[in-house]
Amino acid sequence: VGKKIQAIYLWWHKPVIDKELLQSLPNLKVIANSGVGMDHLDLKLIASFGVKMANAPRAVSSTTADTGMALLLASARRLVEVHNISISPSMDYCEADILGVKVAGATLGIIGMGRIGYKIAVRAKAFEMNILYHNRTRRKVQEEQAVGATYCKKIDSLLQQADFVMLVVSLTPQTHKLIGKRELELMKPTATLINISRGAVVDQEALVAALQTGVIRAAALDVTSPEPLPRDHALLKLKNVIITPHLGIKTDKATYMITEEAVENILAALNGLPLPSEVLPS
């Protein structure tokens, strides 16, 4: 059926798009991805076959921003730890051992102020947080003022000031291990790292060491490298870590919206129209 296929809808990176598959589909016109991140695709290879690509940024931005804030709040108030205490047979604990961190008035540093990052800023403003952000390009002054965000041209400045650091960048060669030993040591010892982008944006071995030695207070991760982590990985044994299995876009409504957005892009490509969410190779 290879000659009949004109479009591919990727769900959770399946099917794998490689040269062999592309060669077997001579009439393929478009690949629509179920999410924003495109790091699992060789964009230049696909483009060389004359195939267009699209992602689904509109469908996933709000629900991913919700996930980021959920992780921030859960880590700040140690929800996983206190849940385990609450369901334990003995309920044996000391209140001083479950003290959390106040969110209102704390400083949130957002690294990556695109569509999702900005929605996180909107949510953080409602929680009365001070907002710093670092991005390749600065947002418009009106957009900054709307959420009370301050631009940090240097990532180091953000890391030194933030109580919570939220990673919302795409995985590229430039962002691979963006947060390593040096960056973690710039953070406050009371700070929390939250990653909702890609696992490889963080040097995980450096993160383990930082969490074990008190370089930073805690981490909340919706992404790891690999996914899932090996069952004996050190991150799984630390009390000051919350890990979720890449929940970012996983809500019933978002799943439906992702499919709608993918179909919209596919139909546009098949009808020779501009793709609403086209992704071009860099």
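Two strands pair if DSSP finds at least two bridges between them. Strands (E, at least two residues) and helices (H or I, at least four) are DSSP runs, numbered from the N terminus. The model is predicted: local features need pLDDT of at least 70, side-chain atom pairs count only at pLDDT 80 or more, and totals for chains, interfaces and linings use all residues. Residues are numbered from 1 along each chain as its sequence is written, and side-chain values use heavy atoms, without hydrogens and water.

**Exercise 1.** Find the partner strand of β1 and its direction.

Solution. Start at β1, residues 7-10. Its partner is β2, residues 30-33. The two run parallel, joined by 4 bridges. One of the paired residues is Y9, whose bridge partner in β2 is A32. Now sort the faces of β1: I8 and L10 are on the covered face, A7 and Y9 on the uncovered one.

**Exercise 2.** List the buried residues of α5 and what covers them.

Solution. Helix α5 spans residues 115-126. Buried means under 20% relative accessible area (1.4 Å probe, protein chains only). I116, G117, Y118, I120, A121 and A124 qualify. Their cover includes α3, β4, β5, α6 and β7. After the helix comes E128, with a positive phi near 60 degrees.

Methods
Buried means under 20% relative accessible area, exposed over 50%, partly exposed in between (1.4 Å probe, protein chains only). The expected span of a helix is 1.5 Å times one less than its number of residues. Contact means heavy atoms within 4.5 Å.
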